[in-house]
Amino acid sequence: MNAPAGKVAEVTRVDGSSLEATITAGDVIIEHEGERRRLGQVGSYLVLPIDDVRLIGYVTGVARRDPADADLPEQHVMSMQLLGTIREDWFDRGVDSYPTIGDPVMLATRQDFEVIFGTMDQIAGDGKYPKSFRLGRFAMNPDFDVRALGKEFFSKHIAIVGNSGSGKSCTTAKIIQEITEFDQSQIVLFDLHGEYAGAFSDEDGSIDANVTYLGEQDLILPYWLLQYDELEAMFVDSANAQYMTNQVAFLKMALQELKSETAEELDLAHEFSLDTPIYWSLDRLKIYAENMNEARFVLNTEQLALSKLALRSLPPAEQHELMTSQRIQFNKGAAEGEVPHPQFYGQLQGMLTKLEARLSDRRYDFLLRPLRHAKESRYFKDILKFSATPKELSQAMTHLIRLLTGRWDMRSNLTIVDMSGIPYEIVDTVVAVLTRTLFEYNFWCPREQRHPMLLVYEEAHNYISRHIRESRLGDRRSFARYIVERVAKEGRKYGVSAMVVSQRPSELSDTVVSQCNSMVVMRLNNPEDQDYVAKVVSDQFGSQMRMLPVLRPGEGFVIGDAVLMPMRTLIDLPTRSPRSADVDFFKHWSLGTPTGDIDEILQHWWRQDRGLLNAQLALGAAARGWTDEPEPEPASAYLEED
């Protein structure tokens with residue numbers, strides 16, 4: 001029987017979707033469609049004609065085998081993975097007809113690739129709206145564009161992983177730039193190192209018209225949006241177990257009392273809880289804690305032993321109201337006829353020390369002093385005012401949601417949350433609060449009004465880690481991981497999707513990664529990361545992960561339902577790139593760098609002010625008609641802390 005034209009090998013072993021084929025061509029270098037091809041090259045595509053279909057296979061390895069008979073020539077054997085089936089002019093993932101021993105193996109032709117990529121075009125169709133977007137070019141034949149189906153890509157979560165320098169940030173920027181072209185797209189990007197503003201601004205530093213940039217001055221996250229557990233982690237001193245128990249009891253009691261006043265104003269007296277995001281006064285919490293830490297009682301009574309005799313005779317309820325609203329004095333030392341508060345006397349000092357340390361660190365102003373910080377924010381200065389009532393401040397959450405979802409006066413498709421100026425120890429909390437706010441908003445939104453949004457988590461291994469790391473502040477919880485895991489498990493039901501971007505996939509939460517239906521896997525050198533990704537993707541594609549260390553910058557495997565088969569892809573460069581490039585040491589050492597003003601740099605360091613680094617963004621904002629000049633606000637009896 002004559003061999004079919006184009007045969008280069010024949011099947012010698014079949015094991016499920018993997019097989020081996022022995023090369024039968026006389027030479028490993030042959031002419032194919034006018035080009036010289038090397039047989040058995042890892043990553044190349046082969047075809048196995050079976051009856052009326054053509055199976056598409058992928059070369060995962062090649063080996064030489066010496067025959068038992070010394071008179072016979074040596075054999076070259078290819079290992080292959082079956083990917084899909086061509087039937088007439090249509091390509092389907094997977095196979096239902098398997099080859100047998102001796103079946104011919106051929107090189108894939110241009111016509112085969114035209115069917116594969118043409119099938120994607122037919123699936124995307126020419127409907128009322130685009131159904132796919134371009135990612136780049138097919139690495140094995142750059143004449144073909146690699147496109148991903150939008151619904152399948154974004155509705156079931158995405159992971160983009162790769163070493164530093166593999167092109168992951170540019171890939172992320174490329175994808176976001178593609179989808180911000182849609183008028184109603186909505187993305188929130190958590191930018192840990194302040195890299196992405198450059199990808200969405202012009203040469204003068206002016207942010208694109210459809211982008212909201214929340215930098216150091218503009219980001220306001222009022223502390224009253226934090227849930228109880230997050231406040232406990234921030235303020236309670238965990239160094240002493242006994243003191244910690246009493247501090248926790250005080251914090252719960254104080255929040256219940258302080259929130260109840262606003263709850264009455266909002267008609268929520270019977271519905272609110274410790275986690276309800278309504279205004280309460282941080283300054284009053286501090287005063288209350290200071291008073292309770294020194295509180296003493298008149299012996300055998302419920303009267304507080306206040307140092308002013310006129311206040312000792314007040315009813316206990318009035319004395320308690322004073323404790324929560326103003327600093328009061330108790331007698332120093334062990335005064336006769338007085339006893340210390342049995343639960344809180346001397347027990348709250350650790351909490352007060354942590355609270356004072358936070359309040360004295362201006363990096364926390366966006367969180368703990370929101371009204372003062374809002375004076376410098378072009379987005380919040382007219383919303384968070386000293387003259388506002390607790391009800392109005394609680395309702396300012398509406399403005400934050402509008403800002404994050406792009407539904408304000410200047411419609412935006414992308415909100416960049418620049419967290420580079422945020423203290424590292426509370427990045428986890430900031431991501432958790434913003435993610436929860438967006439998820440809960442869509443959760444409670446009527447289905448017909450629910451607008452889909454994509455949440456992009458850059459450097460996700462830092463705050464969505466599979467390991468619970470103990471921070472330098474002693475807390476062992478991960479609030480961001482908890483809420484992002486909830487988004488991963490439930491988000492697509494409510495129109496909230498996640499894209500996690502990381503250089504250490506093995507450190508990411510298993511729950512989050514397992515829910516990512518689409519992945520862009522770029523160069524990975526760490527064996528742990530390679531093994532982890534190989535386990536996460538299906539067994540059918542695991543063998544391709546062995547090629548990760550040799551991928552070029554900007555090259556990656558696109559895997560998932562959004563593409564017809566795993567596509568080794570040369571990702572297109574974004575229109576403008578993020579500021580994520582590594583410093584060229586040799587260039588700077590050879591050509592030199594302008595000498596910085598050390599005194600000026602120290603001023604920024606001491607003042608914890610990164611404004612110098614973002615000066616161009618500020619200029620760009622001014623060019624759009626915004627002003628950063630704060631307006632004076634009258635003081636208010638409600639809001640001493642700001």
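Guide: The side chain of Q303 comes to 2.6 Å from the backbone oxygen of R312. This is a predicted model, where local features need pLDDT of at least 70 and side-chain atom pairs count only at pLDDT 80 or more, while totals for chains, interfaces and linings use all residues. Residues are numbered from 1 along each chain as its sequence is written, and side-chain values use heavy atoms, with hydrogens and water left out.

Visitor: Where does Q303 sit, and which residues does Q303 touch?

Guide: Q303 belongs to the loop between β15 (296-298) and α7 (309-312); helices (H or I, at least four residues) and strands (E, at least two) are DSSP runs, numbered from the N terminus. Leaving out residues up to four places away in sequence, Q303 touches R296, F297, V298, R312, S313, L314, P315, P316 and Q319. A contact means heavy atoms within 4.5 Å.

Visitor: Why is Q303 called buried?

Guide: Buried means under 20% relative accessible area, exposed over 50%, and partly exposed in between, with a 1.4 Å probe and protein chains only. Q303 has 19% relative accessibility, so Q303 counts as buried. In the protein chain, buried residues make up 51% of the 642 residues.

Visitor: What makes D143 exposed?

Guide: D143 has a relative accessible area of 55%, so D143 is exposed. D143 is in the loop between β10 and β11 (145-149).

Visitor: How do you know that D143 and R110 make a polar contact?

Guide: A polar contact is a pair of N or O atoms within 3.5 Å; within protein, one must be able to donate a hydrogen and the other to accept it, and residues adjacent in sequence count only if both atoms are side-chain atoms. The side chains of D143 and R110 make such a contact at 3.2 Å. D143 and R110 are 33 residues apart in sequence, and their C-alpha atoms are 9.8 Å apart.

Visitor: Why is P452 called exposed, and what is P452 in contact with?

Guide: The relative accessible area of P452 is 54%, so P452 is exposed. P452 lies in the loop between α14 (427-444) and β18. Apart from neighbours within four places in sequence, P452 contacts Q186 and G495.

Visitor: Which residues are closest to the centre of the largest pocket, and what is its volume?

Guide: A pocket, on a 1 Å grid over the protein atoms alone, is an open set of points with protein on both sides within 12 Å along at least five of seven lines; a cavity is a set where a 1.4 Å probe fits but cannot get out, and lining residues have an atom within 4 Å of a point. The largest pocket holds about 820 Å³. Of its 27 lining residues, G150, K151, F154, S155 and P452 are the closest to the centre. α2 gives the most to this lining, with three residues.

Visitor: How many cavities are there, and what is the volume of the largest cavity?

Guide: The whole structure has three cavities of 30 Å³ or more. The largest cavity has a volume of about 130 Å³. Its lining has 11 residues, and E216, R363, F366, H373 and G421 are the closest to its centre.

Definitions and conventions: Grid points are joined across faces, edges and corners, and a volume is the space filled by probe spheres set on the points.
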